[in-house]
Number of protein chains: 2
Amino acid sequence: MILEKKKAFNEFAAAKGLRSTRQRDIILDFFLSTHQHVSVEELYLKIKASHPGIGHATVYRTLKLFTEAGLAREILLHDGQTRYEHALAGEHHDHLVCTGCNAIIEFEDETIEKLQKEIATRHGFMIRSHKLEIYGLCAECRAAQ
Amino acid sequence: MILEKKKAFNEFAAAKGLRSTRQRDIILDFFLSTHQHVSVEELYLKIKASHPGIGHATVYRTLKLFTEAGLAREILLHDGQTRYEHALAGEHHDHLVCTGCNAIIEFEDETIEKLQKEIATRHGFMIRSHKLEIYGLCAECRAAQ
DNA sequence: TATGCTTTTGATTTTCAATTTCAATTGTGT
DNA sequence: ACACAATTGAAATTGAAAATCAAAAGCATA
């Protein structure tokens, strides 16, 4: 899985004529070994602990590259921080976001995906990507109330 | 429709013990007369043209109030600007967002809504709100390519 | 209508994520 | 090793959003 993604990135880099750099390797390693939905700041701090030389800007830039390469996907929640989740081209999942404890539960639903395609077709729209987030309270937070 | 919303806001204000102010009236008028999906900045500039006294902060604060009152809903697209769309409690629609021309097409789909509820139930999750955005190219932008 | 208390306002400052800048560094083909 | 372009990172900049706080405005009461 991790190797698969590294390979995917290398292919993307090669196709785009990007150079292979120490920093990108490190950032990719860290990104792949974090939990889902890291914010840039969070990842930056993690990396900084063992690689103090790596700068803010590079982390931002590189995560944008991963997104272009299809390894990552940007998610905007409502706390003003951009997060990135793991992704592989083609695969997709959506989110239940708990507003109580900020937990994120992932799910997939083929029927919803299919309905989206139908809607798009009806409007002459060509889908590139989509995002479905359901906000509310998870089972634990409901119980705790 | 506009009166209905004004009434809704007045009721909300009364229930919360908020005062009725000239600024809030003006901002509500402008908000209700704009197209869907205004950014705060956009609305602020529109208002400023005829009411130069009204400040940035007030527009931000007031839009948050409208959201609390159920008249507006925050939407985060990928341009770093928070937008607000018109809403009435209970009503909901989702978006096709064209990455070519930034057009936003609204749609509603009962089946998708129903599937979301099922998914939530399956996870013991209580839905408060949700957001579905489909990104891609609209018919015009596809043709223009 | 005046009084006194409280909310609201708005100019300004602050914050903070994200981007830009640019000189120095590094990767890569020759 | 050389040359040249891409990349990096410290620092500055931008820009949205929130916080601050004295002044102004709303509102209940006399």
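User: What is 2.5 Å from a phosphate oxygen of DNA strand D?
Analyst: An N or O atom in the side chain of A:Arg24 is at that distance from the phosphate oxygen. Keep in mind that this is a predicted model.

User: Which residues come nearest to DNA strand D?
Analyst: There are 20 residues around DNA strand D, and the nearest are A:Thr21, A:Arg24, A:Arg61, B:Arg19 and B:Thr82.

User: How do the residues of that surface divide into nonpolar, polar and charged?
Analyst: Five are nonpolar, nine are polar and six are charged.

User: On the DNA side, how much of what is within 4 Å of the protein is sugar or phosphate?
Analyst: Of the atoms of DNA strand D within 4 Å of the protein, 67% belong to sugar or phosphate, and the rest belong to bases.

User: Switching to packing. What angle do H1 and H4 of chain A make?
Analyst: Helix H1 (residues 2–16) and helix H4 (residues 56–69) of chain A pack at about 95°, and their axes are 10 Å apart. H1(A) and H4(A) are therefore roughly perpendicular to each other.

User: Which residues make the contact?
Analyst: H1(A) contributes A:Phe9, A:Phe12 and A:Lys16, while H4(A) contributes A:Leu65, A:Phe66, A:Glu68 and A:Ala69. By class, five residues of this contact are nonpolar, none is polar and two are charged.

User: Now the two chains. What rotation superposes chain B on chain A?
Analyst: A rotation of 179° with a shift of 0.1 Å along its axis, giving an RMSD of 0.2 Å. That is the relation of a two-fold axis.

User: Which C-alpha of chain B is nearest the axis?
Analyst: The C-alpha of B:Leu132, which is 2.1 Å from the axis.

User: And why say that the copies meet through the same surface?
Analyst: Because 100% of the interface residues of chain B are also interface residues in chain A.

Technical notes: Residues are numbered from 1 along each chain as its sequence is written. Chains are lettered from A and ligands numbered from 1 in the order in which they are written. This is a predicted model: local features need pLDDT of at least 70, side-chain atom pairs count only at pLDDT 80 or more; totals for chains, interfaces and linings use all residues. Side-chain values use heavy atoms; hydrogens and water are left out. Axes are lines fitted to C-alpha atoms, for helices over the stretch in contact, and angles run from 0 to 180 degrees between N-to-C directions. Helices (H or I, at least four residues) and strands (E, at least two) are DSSP runs, numbered from the N terminus. Angles under 35 degrees count as roughly parallel, over 145 as roughly antiparallel, 65 to 115 as roughly perpendicular and the rest as oblique. Contact means heavy atoms within 4.5 Å. Ala, Val, Leu, Ile, Met, Phe, Trp, Tyr, Cys and Pro count as nonpolar, Asp, Glu, Lys and Arg as charged, and the others, Gly among them, as polar. A residue is near a molecule or strand if one of its heavy atoms lies within 4 Å of it. A polar contact is a pair of N or O atoms within 3.5 Å; within protein, one must be able to donate a hydrogen and the other to accept it, and residues adjacent in sequence count only if both atoms are side-chain atoms. Copies are superposed by least squares on the C-alpha atoms of residues with pLDDT of at least 70 in both.
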